[in-house]
Structure formats: structure tokens, C-alpha cells
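Q: I would like to go through this model with you, one topic at a time. Please bring it up first.

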Amino acid sequence: MSLRYNDYTTLLREQLNERVQKISINAGFTCPNRDGTLGYGGCTYCNNQSFNPDYCKPSKSVTTQLDEGIRFFRKKHEDQKYIAYFQAYTNTYAPFDNLIKLYEEALAYPKVIGIAIGTRPDCVNDTILDYFAHLAKSCYVMIEYGVESTCNDTLQFIHRGHTFEQAEEAIRITATRNIATAAHLIIGLPHETHETWLQHARKLSMLPLSVLKLHQLQIIKGTQMARQYGEHPEWFHLSTLENYIDTVIDFLELLPPAISMERFASQSPAQLLIAPAWKTKNHEFVVKLQRRMEERDTFQGKKWRSTLPHYTIK
Ligand code: SF4
């Protein structure tokens, strides 16, 4: 059965001609939203523990984290290759020479064929992007920007410390250098509505993105948002699983078919999660999504052309 959306994992396997697994790394970075450069409290929803695997500890070297991560995944697929995913915090936020040492330590590991770098739109510059562009000639490189919302009011409300215009600019100057460019977006941030989420799709569809990751807003213990959720539940529109699947499909219809979807939802550890408690693993989510797309007889990009401002139907 063919998928009704452009699946990143399938695309990567076709492009690289082999099975590839991402291995998360916590290289011990911080971020300007935590170290006082922009603020101290971080984004209101952020608790990095909620998405870091257990073996990811900055006290361990990059090589040790790769050893442990690969040992786990190798059990299932002995021959696969790996992408070192610098995931925790802001992975371009350190002096240039320190960054290069960490990236190159990862790339020197056997069977690591590339790197993926999670960062903020306001934490890249020409020097680091030129380095990535050079690197991308000899291995796989993807830069993943936390965009989170296309509404500046929301970005301000969640204390992101950057605007959507900064995200647009970072995506453009990265993609112009022929580097695979990804965005991460949260569906369900406070005060946003179904129409806001569709507006996100329209705005992102105008950008030169290769890959998109979506996830539902999760209220995580110990965050500023957890406190807000307790005091002002009316600020939040947390979806049921079924409604979220329909929202994702409405979103996909507006996206260009060329953007690959890496993720639609995430599942934080139960002991950290306050809401929503869907108890649905990622692979179960995509089966439900595909089924619902078939029921609705729709596909990624079905309504995409009508979102382009210069497009006229002849
Ligand atoms: S989400 Fe990213 S930018 Fe925001 S506080 Fe957490 S690590 Fe920093």
C-alpha cells in the first residue's frame, strides 16, 4: 500500500541506498534562552528530559553515546548505517572550533554517514553554514530549526526569543547552500486555533524546506507551561487523538508534495507527561493517519497549489 504522504525515512533510504537510523546525542550545549543571553527560564514548554533517551548524557563523550545508541539499534538491523543527531538544546551554540571537534568526532565513528543538527533560527551564521555546506559535499548533513509557530504573538507568549521572520531567513540561507533544511513545528500552542495551524502550513509551504517534523503540544511536568495549564486551562486546545489526526491531514493537504515528513507526533515518558495522554506510539500513529487519509481519500499536497499567492486556476 503506498503512503499518502512523503515519508522522510523512505526517501532517505532511497537517496542513500541503505537503511539509516538516527542516533540522538546530548553534547552538553545550553541555549541562549537558558544561559541569560535571551533569558533564564527557557521556552515555556521545554523540558529536554522529555525527549532525550537514557544513554544521552553530556558526561559521556560523543563516541560513547554513539556506542551505546548503536548497540541498541544494531540488534534489530545489523547492517544499517547511522546519522548522528545532535538533538539536545541548541547544537550550534558554542565557539566554532568546539563545535567542529564534536561534529567530526561523530563523523569519524564507523557506520556514521552524516549528521543532523537541531538548533534555533537565531543561532547560525555564515561561518557555520559555510562549514556545513562544505561538509555536505562529502556526507549527509541536515540542519533542523525549531520554528514552533509562524505567529509572532505565540512565539512571544512561549518565550521563544526569536520571530518567525528570523526562522524564514535561517531556512532560506541554509537551503541556498544546498544543505537539507528541516523545520520543527508544534501543533496546539496556547491561544492558537485550527485556522492558525492551517496558516502555519500555508506559510511553511512557501519556504525551501526539505523536511518537516510536527508534534502535538504536550504539557510536561516541571515546565512553566505546566503551571499555566493548571491555572488557565482555557488557554489550551488540546486535541483528542482523532481530532489531531484530522488536523494533521488538513495540514498535509496544504503542504507541497516535495516536503518529506519525518514525524507527526511524539510521546514523552508517562512519568513526565501531564496531557494529552494518548498512549499511542509513533508507528501506531502513522498507521491510524494512513487509514484516515484513505477514508478521506486525500493525500499530501491535495490543496497545495491554491495556497500559492501567484497561482491562478485556468
Ligand atoms: S526549546 Fe530549545 S530554545 Fe527553548 S529553552 Fe528548550 S533548548 Fe532552549
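Q: Where is Asn17 found?
A: Asn17 is in the loop between α1 and β1 (20-25). Helices (H or I, at least four residues) and strands (E, at least two) are DSSP runs numbered from the N terminus.

Q: And what kind of model is this?
A: The model is predicted, so local features need pLDDT of at least 70 and side-chain atom pairs count only at pLDDT 80 or more, while totals for chains, interfaces and linings use all residues. Residues are numbered from 1 along each chain as its sequence is written, and side-chain values use heavy atoms, with hydrogens and water left out.

Q: Back to Asn17: buried or exposed?
A: Asn17 is exposed, at a relative accessible area of 69%. The classes are buried under 20%, exposed over 50% and partly exposed in between, with a 1.4 Å probe and protein chains only.

Q: What about its phi?
A: Phi of Asn17 is near 65°, a positive value in a residue other than glycine. Tyr89 is another such residue, with phi near 60°. Tyr89 belongs to the loop between β2 (81-86) and α3 and is partly exposed at 30% relative accessibility.

Q: Which residues does the cis peptide bond join?
A: The cis bond joins Ala275 and Pro276, with omega about -5°. Pro276 lies in the loop between β9 and α10 (282-295).

Q: On to the rings. How many aromatic pairs are there?
A: There are 12 aromatic pairs. Rings of Phe, Tyr and Trp (its six-membered ring) pair if their centres lie within 6.5 Å; planes under 30 degrees apart are stacked, over 60 edge-to-face and the rest tilted. One of the pairs is Tyr5 with Phe264, which is edge-to-face at 4.9 Å between centres and 85° between planes.

Q: Which parts of the chain does that pair tie together?
A: Tyr5 is in the segment before α1 (8-16) and Phe264 in the loop between β8 (260-263) and β9 (273-275), so the pair ties together parts that are 259 residues apart in sequence. Tyr5 is buried at 9% relative accessibility, and Phe264 is buried at 3%.

Q: How are Phe96 and Tyr131 arranged?
A: Their ring centres are 5.9 Å apart and their planes at 90°, so this pair is edge-to-face. It links helix α3 (residues 96-107), which holds Phe96, to helix α4 (residues 126-135), which holds Tyr131, across 35 residues. Phe96 is partly exposed at 32%, whereas Tyr131 is buried at 13%.

Q: Which residues form the ring cluster?
A: Ring pairs link Tyr5, Tyr244, Phe264, Trp278 and Phe285 into a cluster.

Q: And the largest nonpolar core? How many residues has it?
A: It has 79 residues, and Leu66, Phe86, Ile115, Phe132, Phe285 and Leu289 have the most contacts inside it. Such a core is a set of buried Ala, Val, Leu, Ile, Met, Phe, Trp, Tyr and Cys residues joined through side-chain atoms within 4.5 Å. Helix α9 (residues 241-254) gives the most to this core, with eight residues. A second, separate core has 11 residues, including Tyr8 and Val20.

Q: Which residues does Val62 touch?
A: Beyond four places in sequence, Val62 touches Ile25, Phe86, Leu102, Glu105 and Ala106, where contact means heavy atoms within 4.5 Å. Val62 is in helix α2 (residues 62-74) and is buried at 3% relative accessibility.
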